[in-house]
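Here is a short report on one protein model and its ligand. Please keep the sequence and the 3D view open while reading.

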Amino acid sequence: MLIKRFENNLPENSSVVFLLSCEDCEKNSELCFCDEVREIISRKDFTGKKGSLVKIPVFAKNNIRNIYLVGLGKRCDVKLNLVRDSLAWVFRTAGRDQNFALQVMLGDLHFDDLPVALSEAAELCAYEFDRYKSKNADHKDFALKEIYVDRDFSEPEISKGRIFAQAQIFSRKIANEPGCVINPESLSLKAAELAKECGLECEIWDSDRLRAEKMGALLAVGSGSQTPPRLIHLSYKPANPVKKIAFVGKGITFDSGGLDIKPENYMTTMKGDKTGACNVLGIMKGVRELGLNIEVHGFLAAAENMPSGSAFRPDDIVTARNGKTIEINNTDAEGRLVLSDALCVASELKPDVIIDMATLTGACAVALGNWRAGLFANDDELAREFLAASERSGESFWRMPHEDEHIAESLKSPFADLTNCGKRYGGAIFAAIFLSNFVGEKISWAHLDIAGTDFYEKEFGIYSKGASAFGVRTCLEYLSRI
Ligand code: BES
Ligand code: MN
Ligand code: ZN
């Protein structure tokens, strides 16, 4: 999307957007709104209420077709995230209304990251997972291509927003693909393609290599599928990095539950169980485009969790890469298994920080709902920095306990070092403590449980229907501030 300061004339098929708070509407006479807007406001047809959007047709003055009024609610409650979501909403609406360009009146809104947020909204509004829908005769493509603003925005900020948003879209595109398209092998091809296009190192371990490398947990999860598992490793290595950070993503390309098969209404959307891995790909793309001075590694633990004659079973005992044995209580608790081996490999690089992300537990979604993800961290400073980044990105995280002696007790198995599944209560904490067994000593580690936030049924704000790629922008923000 082209973003520029408004100069004099708008191109054909343009509209004007006003972002207005309730206070703006109350004192409308002081603001130099045009007659159409003043009329609507004085009739109280638009009061600036949060979540309101009004379209006023204009009789083709200076190429202007419509005026859109977007309500922000009470001025003192307006946060940058609301502005980002409101912008994305009006951009999406206007693009579908066949507007080619928009002039956005930001009035006296001021936030440090407003240019970044506007640029993110401009990119994210245009993405929709519609490639499998036949286009009928009256289908019209999304038309919005240019956005003009009423002030100077710096190019680096616009470009930061674009990179962040495109990283998130990259992840969404893959995460939205069904299990018949994306399996561990095709996911590894996508990763290799990305690495080639943007200049990242890429190493892929197939099942023979995984066996040689003693990745017993990842192999077990993948054993029921026609498509064997993969460990995918992308790396970005600048000359004199200030830090080394590894990301690890859960890449279950479809989670049927395995032999502990899921009931039907729990199995749909499980193509989205690879979101953590897709996010890691998006982050690696973003890191490369930002040219950050940090060595960044991305690991994707890819497997398909299927029931079959060759599937792993409840009661099986598997050995992870670090030698710890795991008794399988439930084949549906597979994410922590694939992550355990990948966390071992990541730890061997001795990074300063490991951040893993996974659609790991329904329990986390039950605890926090669909709009806030779980953050577990063994380092308070890392947690603080991550939460500060999430404040900026607008993706909200809530810190959860990463230690609990009673829950830790329930990880014990009578016959192996660990069991993969405990009681229902505290399920997200159980999973986090399980993972901590595979993180190397003295490594700052954060675990993001994005099970509740990975998929949206309805579009809203910057989110389209389907995969959200929640967390990509927060991780990039966290890295940009190091
Ligand atoms: N992929 C699921 C978690 C999930 C649930 C993600 C809902 C997104 C939405 C995970 O593999 C799983 O099945 N978890 C089980 C764990 C249980 C067997 C301990 C769960 O949450 O029920
Ligand atoms: Mn599962
Ligand atoms: Zn899963």
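## Ligand contacts

A polar contact is a pair of N or O atoms within 3.5 Å; within protein, one must be able to donate a hydrogen and the other to accept it, and residues adjacent in sequence count only if both atoms are side-chain atoms. Asp273 places a polar side-chain atom 2.9 Å from a nitrogen atom of ligand 1. Asp255 has a polar side-chain atom 2.9 Å from an oxygen atom of the ligand. Lys250 also has a polar side-chain atom by a ligand oxygen atom, at 3.2 Å. On its own, ligand 1 has 510 Å² of accessible area, and the protein covers 74% of that. Such areas come from the Shrake-Rupley method with a 1.4 Å probe; for residues, only the protein chains shown count as cover.

## Basis of the model

This is a predicted model: local features need pLDDT of at least 70, side-chain atom pairs count only at pLDDT 80 or more, and totals for chains, interfaces and linings use all residues. Residues are numbered from 1 along each chain as its sequence is written, chains are lettered from A and ligands numbered from 1 in the order in which they are written, and side-chain values use heavy atoms, with hydrogens and water left out.

## The ligand shell

Around ligand 1 there are 15 residues (near means a heavy atom within 4 Å). Asp255, Lys262, Asp273, Asp332 and Gly362 come nearest. The shell holds 7 charged, 4 polar and 4 nonpolar residues. Here Asp, Glu, Lys and Arg count as charged; Ala, Val, Leu, Ile, Met, Phe, Trp, Tyr, Cys and Pro as nonpolar; the others, Gly among them, as polar.

Helices (H or I, at least four residues) and strands (E, at least two) are DSSP runs, numbered from the N terminus. Buried means under 20% relative accessible area, exposed over 50%, and partly exposed in between (1.4 Å probe, protein chains only).

Ser393 lies in helix 13 (residues 380–393). Ser393 counts as buried because its relative accessible area is 3%. Its side chain reaches the backbone nitrogen of Glu395 at 3.1 Å.

## Two loop residues

Lys140 sits in the loop between helix 4 (114–124) and strand 6 (146–149). Why does Lys140 count as exposed? Its relative accessibility is 56%. Lys140 and Asp97 are 43 residues apart in sequence, yet 9.1 Å apart in space, C-alpha to C-alpha.

Glu403 lies in the loop between strand 15 (396–399) and helix 14 (405–409). Glu403 is exposed, at 61% relative accessible area.
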